[in-house]
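Thanks, everyone. Let's get the model up on the screen and walk through its sheet and its cores.

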Amino acid sequence: MVPDLPANPLSIELELKHRRFWWQIDDEDEQPEQWDARAEVSELDVCPDELRHVGDIALVIADLTKERNLLDSVVLGEWALEFIAETVIDPDQGKLHPELDARISQGPPRMVILRRIELTEPWRGHGLGAALIASALRILSPNARLAACRVSPLDFALPGADRITAELSSLRAGAMLESIGFQRWRGVHLVDMRNPALVDARMELLDQWWPGQDED
């Protein structure tokens with residue numbers, strides 16, 4: 001068993017919350033859905049209180065069949081709006097570019113945008129980021145067909161990082177996403193929401209931390 005984490009990572013709970021204004025309840029509402037995933041060590045497990053918070057993931061679900069409007073740019077980001085415009089060739093049905101359509105399983109005409117992931121310092125360096133992203137996407141898989149993420153120094157660098165550090169962070173982020181099934185397509189990392197790699201992402205941690213795994 002790996003000894004240098006604040007607690008057993010199998011005791012981490014992932015809480016997903018959907019945020020929207022209370023008055024956005026119309027059937028024709030077109031605003032993207034904002035989701036936040038918060039990772040915390042369960043109160044049932046032993047862990048110093050100041051180390052229970054593991055990290056946060058910010059996601060947005062965009063409907064590919066709706067007209068995009070200027071307000072979406074605040075939630076999705078300009079790159080996501082441009083990517084959707086380039087890849088959705090039939091907005092009435094949410095039909096994707098043929099090359100992309102052939103690579104992605106059928107499902108709801110919606111796309112999850114991975115905006116940000118941030119782990120607290122004591123929990124970094126153990127593969128948790130990839131596993132938590134994969135878990136969050138699997139939870140949301142009934143609601144979307146694919147997920148997308150732009151990996152750039154602007155999006156994945158820690159605050160205050162210099163240019164070289166920021167570029168290295170983005171390279172590590174790209175490798176992390178590719179380890180759970182993401183592939184680059186037209187400069188953006190994409191994954192099929194039903195890709196088995198999202199399920200398999202948990203196996204290394206399960207093998208290391210499941211009770212009895214360190215016994216002969």
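One term before we start. A nonpolar core here is a set of buried Ala, Val, Leu, Ile, Met, Phe, Trp, Tyr and Cys residues joined through side-chain atoms within 4.5 Å. And keep in mind that this is a predicted model.

So, which residues touch the most other members of the largest core? Ile57, Leu59, Ile133 and Leu137, out of 41 residues. Several elements give two or more residues to this core: strand 2, strand 3, strand 6 (110–119), helix 4 (128–140), strand 7 (146–149), helix 6 (163–178) and helix 8 (203–209). Helix 4 gives the most, with 9 residues.

Take Ile57. Leaving aside neighbours within four places in sequence, Ile57 is in contact with Trp35, Asp36, Ala37, Leu114, Arg116, Ile117, Leu132, Ile133 and Ala136.

There is also a second, separate core. That one has 21 residues, including Phe83, Ile84, Leu100 and Trp185.

Now strand 2, residues 33–41. Which of its side chains are buried? Glu33, Trp35, Ala37, Ala39 and Val41, and they point to one face.

Next, the partners. Strand 1, residues 12–19, pairs antiparallel with strand 2 over 8 bridges. There, His18 stands opposite Trp35. Strand 3, residues 53–63, also runs antiparallel to strand 2, joined by 8 bridges. On that side, Ala39 has Gly55 as its bridge partner.

That's the tour. Over to you.

Conventions. Residues numbered from 1 in each chain as written. Predicted model: local features only at pLDDT ≥ 70, side-chain atom pairs only at ≥ 80, totals over all residues. Heavy atoms only, no water. Buried < 20%, exposed > 50% of the residue type's maximum accessible area, 1.4 Å probe, protein only. Helix = DSSP H or I, 4+ residues; strand = E, 2+ residues; numbered from the N terminus. Pairing = 2+ DSSP bridges. Contact = heavy atoms within 4.5 Å.
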